[in-house]
Amino acid sequence: MAERSFKAEVEHLRKGAGETFTGEGILAITKALLENGVGYVGGYQGAPISHLMDVLADAEELLGELGVRFEANANEAAAGAMLAASVHYPIRGAITFKGPVGVNVASDALANLASGGVTGGALIIVGEDYGEGSSIMQERTHAFAMKSQMWLLDPRPNLPSIVKAVGHGFELSEASNTPVMLTVRIRACHVTGSFECKDNRAPTLPVAEALANPRSDFKRVVLPPYSFVHEHEKIDVRWPAAEKYIRDNQLNEFFGPEKSKIGFVLQGGMYNNVIRALQRLGLADIFGNTDIPLYVLNVAYPLVKDEFLEFCEGKESILVIEEGQPEFIEQTLTTYLYRAGSKVQVEGKGILPMAGEYTGQVLLDSITAYLKKAAPDMVPAMVRAPNQEAPQIPDLSKVVPIRPPGFCTGCPERPIFAAIKLVQKELGKHQIAGDIGCHLFGSLPPFEVGGQTMGYGLGPAGNGAFEGGGKKRSIAMVGDGGFWHNGLSSSFTNMAFNKADAVAVVVDNYYSAATGGQDIMSSRAKNPTKATNNPISKALEGIGIKWVRQIDRTYDVTHMRNVLREALTTPEKGPKVIVASSECMLNKQRREKPLTAKAIKDGRRVETPRFGVDEDICTGDHACMRLSGCPSLGLKVLDDPLRDDPVASIDQSCVGCGNCGEVADAAVLCPSFYEARVVHNPSAMETRIAKWRDGIIGWLQARRAARRLNFGEAA
Amino acid sequence: MNAPLSHKTPDARLQGIIKLAILAVGGQGGGVLTNWIEDLARANGYAAQATSVAGVAQRTGATVYYIEMAPAAGGVPIFSLMPAAGDVDVMIAAEMMEAGRSIMRGFVTPDRTTLIASTHRSLAVSEKMVPGNGIASADEVMAAAEIAARRFIAANFDQVAVKQGSVISASIFGALAASGALPFPRSAFEDAIRAGGKGVEASLRAFNAGFDAAVNGVQSEAAPAPKPMAKAAVSGPARLKTEWDRLAARAAALPGPVAEMALPGLEKVVDFQDLAYGTEYLDRLDKVLAQDRAENGWALGREAAKYIANALCYDDIIRVADRKTRAARFARIKGEMKVKDGTLMQLTEYFHPQAAEISGMMPAAMGARWQADPAKMARLTRWFDKGRRLRSDSLTAYVMLYVLGGMKGWRRKTLRHQQEQTHLHRWLETALSYRAANYDLAVEVLRCRRLVKGYSDTHSRGLSKFDRVLDGIALVANRADAADWARRLREAALKDEDGTDLDGAIQTIRSFA
């Protein structure tokens, strides 16, 4: 896949009993799947679970030995549907994706799966992308678990706990015929640690064998009257079975003293950071031995009523620590207490903030506030009466600029957005819909192209209301990843079918780039296990879109702008689609850098381009920056008392993509940019000609210099 | 400074936990650095845990890595998964504004935090977009860091690493070793790099350089010495040199603050055209100085010296061609591109001439006729208006540029020259007309010349902003605070491309003027 190899990680997956695994959480999950006899794995890549997919994609040999089927699914819905194999067959299956966007896409399949129920363990591993660094809307997967009745595991964020959760997940699923979701927060996916390995286990029933001996049972099909039966089954049979398994196997954990007037109920994922707050308050030691009883919900749904009520016995009040809103857990627990006629006070949201990430500071402040209220005797003296004032640190909020993500150096998408910005300068502002992917950065400064995004592959569909046309046409962006994920059907057949008089731009960078550079249908690389090299333009033709323009070098800003202008102004009706293709620079560099270095070393002729700015020709207006935002294009403060404004400057990280020069040309900016191409290992003839030429140029330069005043080295 | 902790921690072993956060910009190798630190800790008998938030944030956005470690004895320590305000022992910021961000987020506190920061800047888009100077103040961050950190170790670790052919993660790792914030010897750090196995030699070089830079502190990166005045390296034919010396002496004899600008100004003007042009420059300056006095600090004269020079040296085809064909430029680029023996360099210039620039090169009367005739201008557009990539290392393109660059004799006859002279004259007259009633306002109007810059559309946009600012100033010229308004208008004009801020400021003025 892509240009990265995960062979080293694959070796970790081969470890057996008696060996210790040390590494990231997400890789530990991958290993745990194999230890628990998983029969098939599928999913869709995305932070923070991409690693699981990438490593398995490179582990073909190992999977073959064990008889495990791996699919890189077209999207999360396909992944969810794949769990159908566990409906009738006692095969353990696991799928993974980013939550909750993945759950959104997969919800149709998952709801059907949950209704009919499963025979083999079905595990849905969700990388919960909540809080700092997240690139998606902030929502909870929890709601999906509740509405479809799938159990939700939220293990403590350390490797042994996470690994244990995988095994219990399968068993719980089988014990209660219910799919189980395993949610792992973003930091837990990337947390490092160790666990003791077990031997990998081949599935008891490999999928190939199941295929040879097909089974079916119409009672599991989601059709009346059986769908009504499923609904009752969920409550009467599966729920009690799940509760029993959870209690018997002590999935939820208790820490701290048995007797106390207060206690905390918390999601497993919050455990470490809660302990840290208690450590800072002097209420827990380094190993997490705490003075306050903790009821840690490694199973966030269902909540086991009896277990909870037992925990509350003898307590005056509890604090529920539940990240995210709405406060599903707190509401349920409050109901349990109320119905039990309990007098235990429940604190939670209110003391803790309703929304947002529970950072170290939030937890420290909230727990302190709770203790002051519920158990003032436990508050350490220092907090009760701080005797030292914190020093005043200057406020930097007006100084430090925000740094949202943006296009990488040399990104082929940058010139596309430069061209759109230029065409809007000519034709006025247009209605532009964005999509998910790196190209969504185009909606940020300096381009500010695109005003909303409705979901992966839904860019053009998001312009549906405007596709009747009018004085101006709408423009929609979509990436090649989004195109194959969902866009072809939801956006493009939608456009074609409705005879949309609108423009769509497919940003084709040869990979699913934002998720780590995985191959997709239209990737140009040869991939032995996947069908690649299927042009997007052919798919568009296939659904009857006639006006398709293929652009094979997005860096040609002038051409890019001209094609856009044509699409926006042509009298031709119907969808107009521009496929703008150039390889993702991150992946390209990863592949080509070592090859180039080797070629130079081997004495082959290689040209390496880089751009530069003549600083005395640049006037410091920064018009180029407003059409670029390239990390390698920065500013330089000149050491010249006559100049006020810093000038453009290109650092050595430049990869010579050409956007600077092309933009300077297309937008008629200035003649400051030049491209310097270093020719390594030139031929003898080339060197001779260059010498002769340099001689003449040198003579001309000396001639002029001799007739004028020359001021130092200023050039 | 050893302030007591604000929260008492009865378990003494908690003091053994070292909490280390790294705030990096995507692509700086924060992941590699994290791995090294983690391996270092484990190899030295510590339990360690690292986490990060990667995802799309790694694409040039700011990314946080977090590591905790403690002596591994007696059980498994419970580590936090994220840094908390007031609870970080070592904060590594791989860029100056990220250091500022770490302070803002409370990760740097006087009681405990060793802050290791690279002083280099990786500019945010918002800083680069501004038509004027939008660069955030690193000095303010430095000052805050001195207060916020228990120890502050700063140097340009990016430059240090690049010099060694490596990346900042290695030089910062060196600085971490030098800081002594981790209880491991230097050799253990080097072993961690070796164990990593990739690019070991370059990383070790950068590690050593980073170590030294941290020990020597900010001094290692001495501020660039102010450029010596133009006197040093003037060379040329004796006849021209004599005349130059005379002019330079005349400029040097001006009042101190004026001479400071007039000398580089004179150099710029003579380099742009010739010595006669230099004389004109000093004559114009003298006229302004006749209205200036020592008790005003010669502000008017000083600004005039600066901006008249800039106005005289407008950006025309001749200047660009002259600059692009000089030997020093070729040498500079070869140096920057590291062109060594056995390699060659090809140089492509990106030009896009427009009808206005071509007609500007015509003799004044003819150029004016053409510019007044849309059909003629359309013809020029048809002939010339397209992107031209010139290989200035090839003979044909070089000679063409060389000839253009040598047309200084022609320049004074051109329409562009006439236009620039008129504009210059009008601007100076306007400024001086305010002189008698409001000295400060006259100074501010001179400074408005800063707004005129760029080529083609950028240049016309600059001119239009200049006009709007001067019109705005005229509205308030009679007020006592007119100079303040003039400054505000100019600054607003430099805030954004379209002049939205400027329009707002002018509206405000209209509301009371």
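In chain A of this predicted model, 59% of the 715 residues are buried. A residue counts as buried when its relative accessible area is under 20%.

The secondary structure of chain A consists of 24 helices and 24 strands. Along the principal axes, the C-alpha atoms of chain A occupy a box of roughly 100 × 75 × 60 Å. Within chain A, contacts between residues at least 6 apart in sequence can be sorted by their separation, and 77% of them join residues at least 24 apart.

The domain assignment of chain A begins with domain 1 (7–248) and domain 2 (253–382), and continues with domain 3 (414–587) and domain 4 (605–706). For domain 2 of chain A and domain 3 of chain A, the centres taken over C-alpha atoms are separated by 49 Å. Chain A carries 76 positive and 82 negative charges, and the mean positions of these two sets lie 5 Å apart.

The description now turns to chain B. Its secondary structure comprises 24 helices and 9 strands. Of the 513 residues in chain B, 56% are buried. Chain B exposes about 20,900 Å², of which 55% is supplied by carbon and sulfur atoms.

The overall dimensions of chain B can be described in two ways. The C-alpha trace of chain B spans about 95 × 65 × 50 Å along its principal axes. The radius of gyration of chain B is 30 Å, whereas a compact globule of 513 residues would have a value near 24 Å.

The domain assignment divides chain B into domain 1, covering 12–220, and domain 2, covering 230–313. Taken over C-alpha atoms, the centres of domain 1 of chain B and domain 2 of chain B are 49 Å apart. As for the sequence separation of contacts in chain B, 71% of those between residues at least 6 apart join residues at least 24 apart.

Note on methods. Residues numbered from 1 in each chain as written. Chains lettered and ligands numbered in written order. Predicted model: local features only at pLDDT ≥ 70, side-chain atom pairs only at ≥ 80, totals over all residues. Heavy atoms only, no water. Helix = DSSP H or I, 4+ residues; strand = E, 2+ residues; numbered from the N terminus. Rg over C-alpha atoms; globule rule 2.2 N^0.38 Å. Buried < 20%, exposed > 50% of the residue type's maximum accessible area, 1.4 Å probe, protein only. Contact = heavy atoms within 4.5 Å. Areas by Shrake-Rupley, 256 points an atom, 1.4 Å probe, with all protein chains shown as cover. Domains from an automatic or database assignment. Lys, Arg positive; Asp, Glu negative; His and termini not counted. Charge placed at Lys NZ, Arg CZ, Asp CG, Glu CD.
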